[in-house]
Structures are given as C-alpha cells and as structure tokens.
Amino acid sequence: MKYRRLTNEELAELETEFIRFLVSNTVTGDDWEKTKKEDPKKAEGLIEIFSDIVFDKTISKIQYLEMKTPKDLKIFR
C-alpha cells in the first residue's frame, strides 16, 4: 500500500465507486460477499488497492498546500 486504508465510513461514502471498482475487476456482488466470508485477506487486499486509487486520484488534483502555524503561513505549489 502507498497510502492508508480507507475507513469504513469513507468506504460507505464511496460505495458506488467501490462497486464500479469491483465490477471492473470482474467481482460480482455474490463473489464479494463470498470473498469477505471465505477469504478476508483477499477482500482486505481489494479494499487496499481501491484505497490507493482513491488517494492517487485525490492527490493528483491538489495544486497548492497550506501549512499554518501560530507564527507562520507557508503555501506550496
């Protein structure tokens, strides 16, 4: 993993995108339920891959970063 795993709350917010990700990897709803029960490590691996994709997409859109402290304001492009 390049980044952290999405939390369950974050995954719930991205449910539609996660379903599309599973479908694009030929994982049907029944397959997903079966995988979660029978091979939780594989299910966790799919969530980790999806998490990396989400973070890569998010980070690629960032143009500026701000770092604020009580004494400084730094802006990075």
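This is a predicted model: local features need pLDDT of at least 70, side-chain atom pairs count only at pLDDT 80 or more; totals for chains, interfaces and linings use all residues.
Close-up 1. Leu-65 belongs to strand S1, which covers residues 65-68. Together with Ile-59, Ile-62, Met-67 and Phe-76, Leu-65 forms a nonpolar patch on the surface. The accessible area of these residues together is about 450 Å².

**Close-up 2. A salt bridge between Lys-68 and Glu-66.** The closest N and O atoms of Lys-68 and Glu-66 are 3.7 Å apart. Lys-68 counts as exposed at 63% relative accessibility, and Glu-66 is exposed at 54%.

**Close-up 3. The largest pocket.** This pocket has a volume of about 170 Å³. Its lining consists of Leu-14, Glu-17, Phe-50, Ile-53, Val-54, Lys-57, Thr-58 and Lys-61. By type, the lining residues are 4 nonpolar, 1 polar and 3 charged. Helix H4 (residues 40-60) contributes the most to the lining, with 5 residues.

**Close-up 4. A salt bridge between Asp-56 and Lys-2.** The side chains of Asp-56 and Lys-2 meet at 3.0 Å, N to O. This pair links distant parts of the chain, 54 residues apart: Asp-56 lies in helix H4 and Lys-2 in the segment before helix H1 (8-13). Asp-56 is partly exposed at 30% relative accessibility, whereas Lys-2 is exposed at 58%.

Close-up 5. Glu-33 and Lys-36 pair with their closest N and O atoms 3.4 Å apart. Both residues lie in helix H3 (residues 29-38), separated by 3 residues, about one turn of the helix. Glu-33 is partly exposed at 38% relative accessibility, and Lys-36 is partly exposed at 37%. The model has 5 salt bridges by the rule used.

Terms used. Residues are numbered from 1 along each chain as its sequence is written. Side-chain values use heavy atoms; hydrogens and water are left out. Patches are made of residues with over 30% relative accessible area and no salt bridge: like charges are joined within 9 Å, nonpolar side chains (Val, Leu, Ile, Met, Phe, Trp, Tyr) within 5 Å. Accessible areas come from the Shrake-Rupley method with a 1.4 Å probe; for residues, only the protein chains shown count as cover. A salt bridge is a side-chain nitrogen of Lys or Arg within 4 Å of a carboxyl oxygen of Asp or Glu. Helices (H or I, at least four residues) and strands (E, at least two) are DSSP runs, numbered from the N terminus. On a 1 Å grid over the protein atoms alone, a cavity is a set of points where a 1.4 Å probe fits but cannot get out, and a pocket is an open set with protein on both sides within 12 Å along at least five of seven lines; lining residues have an atom within 4 Å of a point. Grid points are joined across faces, edges and corners, and a volume is the space filled by probe spheres set on the points. Ala, Val, Leu, Ile, Met, Phe, Trp, Tyr, Cys and Pro count as nonpolar, Asp, Glu, Lys and Arg as charged, and the others, Gly among them, as polar. Buried means under 20% relative accessible area, exposed over 50%, partly exposed in between (1.4 Å probe, protein chains only).
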